[in-house]
Amino acid sequence: MRKFNQESFDYDLDKGTILNSPRFNKFEFKTAEIPPDIKKTIISYVENFQDNFLNGIGLYFYSNSPGSGKTTILALVLKNIMLKGYRAYCDSLVEIKSKLKKEFDTNEVKLVEFMKNVDVLAIDDIGSEVMSNWLDEVFKELLDHRYNKQKPTLFTSNSQIDFLPFAARSKDRLKEISLLIKFPEKSLRKPPII
């Protein structure tokens, strides 16, 4: 059993833009609007995370509708996993692409190595970004490494795995390492009250 470490928790929260967002910090399992069947599955996943970690089992949240709560629940799951002592990194594929481009321009590869080796990696909104040959190669390298090392990777998408713009091998690997969770086909976003 791992021990919680406040210093690494704070560092990981600060490293990925999704986890340190005030928008996602206010949610808890008790108060978040989660359909009961999804809530039961993700609470079980978190409670049994030591086994899921050892077996490299991640999550794949999907629905065709944006705003169905996938990113919010992803952040909530990750924070609960981090409180168990696991290191995590979470960002959208768009943010990852931007950060990687900056690194490659300066001949650094810190982010790729960190994402390969962090206990839990979460990539938000896969399938929304046009996959250039370069990005596709980086994604394959990352997925292959984590697959072979049995490190859990979590994803959100507005697409089923079969419709992602990835190579067939990558899609097969995603299916093998992910617990698939379909979110409702409706937006839960509400306009601000003035």
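These legends walk through several close-up views of a predicted model.

**View 1. The five-stranded sheet.**
Let's start with the open sheet, whose five strands follow the order β2-β3-β4-β1-β5 and pair in parallel. Its edges are formed by β2 (88-92) and β5 (178-182), each of which pairs on one side only. On average, neighbouring strands of this sheet are turned by 10 degrees against each other, direction ignored. As background, strands of a sheet pair through backbone hydrogen bonds, either parallel or antiparallel.

Which residues point each way from β2? Ala88, Cys90 and Ser92 point one way, while Tyr89 and Asp91 point the other way. Five of the five residues of β2 are buried, so the strand is largely enclosed by the rest of the structure. Five bridges link β2 to β3 in the parallel sense. To find your bearings in this pair, look for tyrosine 89, which stands opposite leucine 121 in β3.

**View 2. Strands β3 and β4, with a helix packed on them.**
Strand β3 (residues 120-126) and strand β4 (residues 153-157) run parallel and are joined by four bridges. Isoleucine 123 is a handy landmark here, standing opposite phenylalanine 155 in β4. Helix α8 (residues 133-149) packs on the sheet and touches both β3 and β4. The direction of α8 makes about 145 degrees with that of β3.

Now zoom in on serine 157, a residue of strand β4. Is serine 157 buried or exposed? Its relative accessible area is 1%, and because buried means under 20%, serine 157 counts as buried. Leaving aside residues up to four places away in sequence, serine 157 touches Tyr60, Phe61, Tyr62, Ser63, Lys70, Ile126 and Leu164.

**View 3. The largest nonpolar core.**
This core has 31 residues, and those with the most contacts inside it are Ile42, Phe61, Ile73, Val77, Leu78 and Leu154. At least two core residues come from each of α1 (6-15), α3 (36-47), α4 (49-54), β1 (58-62), α5 (70-82), β2 and β3. Which element supplies the largest share of this core? The answer is α5, with eight residues. For a closer look, pick isoleucine 73: not counting residues up to four places away in sequence, isoleucine 73 touches Ala32, Ile34, Ile42, Phe61 and Phe183. A second, separate core has 25 residues, among them Ile96, Leu111, Phe139 and Ile161.

**View 4. The largest cavity.**
How many cavities of 30 Å³ or more does the structure hold? There are two of them, and the largest cavity has a volume of about 40 Å³. Lining the largest cavity are Leu93, Ile96, Leu100, Met115, Ile123, Leu135, Val138, Phe139 and Leu142. Both α6 (93-105) and α8 supply at least two residues of this lining. The largest share, four residues, comes from α8.

A reminder before you look: most residues other than glycine have a negative phi. Aspartate 125 has a positive phi, near 65 degrees, and lies in strand β3. At 28% relative accessibility, aspartate 125 counts as partly exposed. Where is glutamine 150 placed? Glutamine 150 sits in the loop between α8 and β4. The phi of glutamine 150 is also positive, at about 55 degrees, although this residue is not a glycine. Glutamine 150 counts as partly exposed, at 44% relative accessibility.

**View 5. Glutamate 47 and tryptophan 134.**
Glutamate 47 belongs to helix α3. With a relative accessible area of 59%, glutamate 47 is exposed. The C-alpha atoms of glutamate 47 and tryptophan 134 are separated by 37 Å. Along the chain, glutamate 47 and tryptophan 134 are 87 residues apart.

Note on methods. Residues numbered from 1 in each chain as written. Predicted model: local features only at pLDDT ≥ 70, side-chain atom pairs only at ≥ 80, totals over all residues. Heavy atoms only, no water. Pairing = 2+ DSSP bridges. Axes fitted to C-alpha atoms, helices over the stretch in contact; angles between N-to-C directions. Contact = heavy atoms within 4.5 Å. Core = buried A, V, L, I, M, F, W, Y, C linked by side-chain atoms within 4.5 Å. Buried < 20%, exposed > 50% of the residue type's maximum accessible area, 1.4 Å probe, protein only. 1 Å grid on protein atoms, 1.4 Å probe; cavity = no way out; pocket = protein on both sides within 12 Å on 5 of 7 lines; lining within 4 Å. Points joined across faces, edges and corners; volume = space filled by probe spheres on them.
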